Each structure stands twice: as C-alpha cells, then as structure tokens.
Amino acid sequence: MTAMVIDGKQIAEQTRAEAAAGALALKTRTGVVPHLAAVLVGEDPASAVYVRNKQIACEKAGFKSTLHRLPASTGQGELLALVQALNADSGVHGILVQLPLPKGIDTTLILDAILPAKDVDGFHPENVGLLQQGRPRFLPCTPAGVMRMLKVSGIETAGKHAVVIGRSDIVGKPMAALLVQKGADATVTLCHSRTRDIGAFCREADILVAALGIPQFVKGDWVKPGAVVIDVGINRVGDKLVGDVDYLPAAQVASAITPVPGGVGPMTIAMLLANTLQAATNLSGLDGR
Ligand code: NAD
C-alpha cells in the first residue's frame with residue numbers, strides 16, 4: 001500500500017480563505033475587523049519568525065495585527081501590565097503571547113492572565129476546562145488543525161483506536177481530548193515518555209498521532225497496515241525539517257499520512273485565524289459567548 005498524502009498546505013489555504021471570507025462578512029455586518037495582538041519578549045530568532053508568519057497570515061486574511069515587542073530584560077510585572085491593557089482594549093479580539101518566555105518570567109501566570117474570551121491559543125484553564133467538558137470556546141490550534149485535516153480528508157474517527165504519542169498541554173493532551181469527545185468518538189490511548197513498549201501500542205492504532213519531538217521516532221513496522229499517520233513533529237536535522245515519523249517506510253503501509261514539512265505545520269496558523277475570527281464574532285455580541 002502507498003499512503004494518500006494529506007496536503008496540509010492546501011487544507012490550510014482553504015481554512016485561511018474561509019477565515020478571510022468570515023472577516024469580510026463580519027466587517028460588512030458590524031464594521032468590526034478581527035484584531036490579533038501578538039506579544040514577543042526577547043530576541044529568540046525562531047520565535048520572531050513564528051510571530052512574523054502569524055502577522056503575515058493575519059494581514060493576508062484582512063485581519064488587523066499588532067506586535068508588541070519587548071526586550072528580554074522585561075520584568076514579569078511589566079508583561080502582566082501589557083496583557084491587562086490588551087484585555088481591557090475593546091479593539092483587540094485575540095491575544096497571543098509567543099512562547100517560550102525568557103527565564104525569570106512565570107509562563108503560567110502570564111497565560112492565566114489573558115482574558116479567556118481573547119485566549120485564541122486556547123491555553124487558559126477556563127478554555128481547557130470547556131474543551132474537556134465538550135463545549136469548547138477555542139480549540140488549541142495544532143490539535144484543532146489535525147481534526148480539520150482528518151475531517152476534510154474524509155477520515156472517520158468514530159469507533160477507531162487513536163494512539164497519541166506526547167502529553168504536552170499544547171498538543172498531546174488536547175489532541176486526545178478532541179479525539180475522544182462526542183462527535184469524534186475515537187477510543188484514545190495517550191502514550192508518553194514513561195510508556196513501556198510504545199511500538200506495541202502503535203501497532204494497534206487505526207489513527208496514530210506522533211507529537212513528541214524526536215526525529216523519526218515512529219518506525220515503519222510500528223504502523224498497522226491501513227492506519228492513518230499524523231506527524232505533528234517538527235525537528236531540525238542539519239538543514240532539513242524532519243517529523244517524528246520515519247516517513248518513507250510508514251508511507252508504504254499507512255492508508256494516509258501527513259508529510260513534514262507541508263503537513264500539520266501550516267494548519268496551526270490557519271486555525272489561529274479561525275480562533276481570532278471566532279473571538280471577534282463573540283466579542284461583537286454576535287454569538288452566545
Ligand atoms: P513537548 O516537548 O512539550 O512534549 C513532548 C511530549 O512527548 C512529552 O509529553 C513527553 O512525555 C513525550 N515524549 C518525550 N519523549 C518521549 C519518548 N521517548 N517516548 C514517548 N513520548 C515521549 O513538545 P510539544 O510542544 O508537544 O511538541 C511536540 C512536537 O510537535 C515537537 O517536534 C514540536 O516542534 C512539534 N510541534 C509542531 C507544531 C505544528 O504546528 N506542527 C506545533 C507544536 C509543536
């Protein structure tokens with residue numbers, strides 16, 4: 001079997017086009033233009049690129065985007081004050097604090113300070129709780145992107161055994177929560193660094209999601225014939241980007257697979273736009289929340 005390649009770039013483009021159309025409709029109805037405020041602290045070059053890409057995507061979709069760039073020496077109190085000012089600014093609909101934050105700043109404290117209604121990354125405990133209860137406000141962008149890819153690709157999740165590798169708050173845990181919730185209806189196994197014999201769990205997976213950050217960790221012979229393989233990993237090896245799955249052998253046995261790059265990666269920013277549009281819609285009083 002040679003797997004169908006799930007084209008994340010194309011699905012992300014579609015998702016961004018939908019967000020752009022939604023933004024135009026909102027503006028026409030209410031005059032409101034969705035506005036994402038990004039906060040970047042310090043000089044980490046990778047973070048600067050991520051934030052820039054998010055801004056470009058916003059602008060292309062007709063959103064407003066502003067960048068608050070602070071030096072690495074910024075104190076926690078100063079950052080907190082900025083977040084509170086953005087919370088209070090009725091012209092801002094989404095707030096994104098780019099991680100990682102410099103040492104000495106309590107990341108949890110900062111993320112918890114973001115108004116849940118503007119928490120377009122979906123990291124605030126209120127939004128995490130709403131997701132767990134099956135009544136999400138914002139879905140964390142990367143796992144939401146994976147769900148979108150599965151749906152658009154016509155991949156059924158109900159009754160399937162999904163194995164997720166990685167239990168981070170950003171990817172693994174919300175991924176498992178989304179797959180198990182009503183409507184998705186998968187049976188989920190969540191594997192992590194202390195799981196014994198991960199290969200044995202993987203071989204049982206109808207849908208295998210790798211999100212651990214170790215290049216080519218998932219071997220081809222761990223993939224059940226006909227399984228769907230979603231590779232969330234982005235690892236730089238030399239001058240190449242490599243996923244968490246050993247792609248070529250896995251693609252020989254899987255029925256569908258996401259490549260790296262060009263798979264899950266592009267979906268994350270697309271879902272951020274979807275969340276920012278949702279925030280602007282909600283805050284404009286056009287939605288219940
Ligand atoms: P993380 O480091 O926060 O979490 C990694 C998780 O993997 C941990 O829960 C850990 O228990 C598990 N793990 C580590 N070693 C393991 C092992 N040997 N066996 C089994 N489990 C193990 O990482 P993260 O933020 O969740 O990101 C995971 C990967 O996904 C990274 O490569 C990251 O770059 C990528 N990522 C991609 C996107 C995207 O847009 N596509 C977004 C976020 C993260």
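By class, how many nonpolar, polar and charged residues does the shell around the ligand have? The shell has 10 nonpolar, 10 polar and one charged residues (Ala, Val, Leu, Ile, Met, Phe, Trp, Tyr, Cys and Pro count as nonpolar, Asp, Glu, Lys and Arg as charged, and the others, Gly among them, as polar).

The model is predicted, with local features needing pLDDT of at least 70 and side-chain atom pairs pLDDT 80 or more, while totals for chains, interfaces and linings use all residues. Residues are numbered from 1 along each chain as its sequence is written, and side-chain values use heavy atoms, leaving out hydrogens and water.

Select residues 31–116 for domain 1, then 141–266 for domain 2; these bounds come from an automatic or database domain assignment. Their centres, taken over C-alpha atoms, are 29 Å apart.

Next, select the ligand. Of the 21 residues around the ligand, Arg167, Ser168, Val232, Ile234 and Thr268 come nearest (a residue is near if one of its heavy atoms lies within 4 Å). Show the side chain of threonine 268: one of its N or O atoms is 2.6 Å from an oxygen atom of the ligand. At isoleucine 234, a polar backbone atom is 3.1 Å from an oxygen atom of the ligand.

Now turn to the lining of the largest pocket, meaning residues with an atom within 4 Å of a pocket point. Both domain 1 (31–116) and domain 2 (141–266) give residues to this lining, so the pocket lies between them. Among the 49 lining residues, Tyr50, Thr142, Ile234, Gly265 and Thr268 lie nearest the pocket centre. By class, the lining has 27 nonpolar, 12 polar and 10 charged residues.

Definitions and conventions:
Polar contact = N/O pair within 3.5 Å; in protein donor to acceptor, adjacent residues only side chain to side chain. 1 Å grid on protein atoms, 1.4 Å probe; cavity = no way out; pocket = protein on both sides within 12 Å on 5 of 7 lines; lining within 4 Å.
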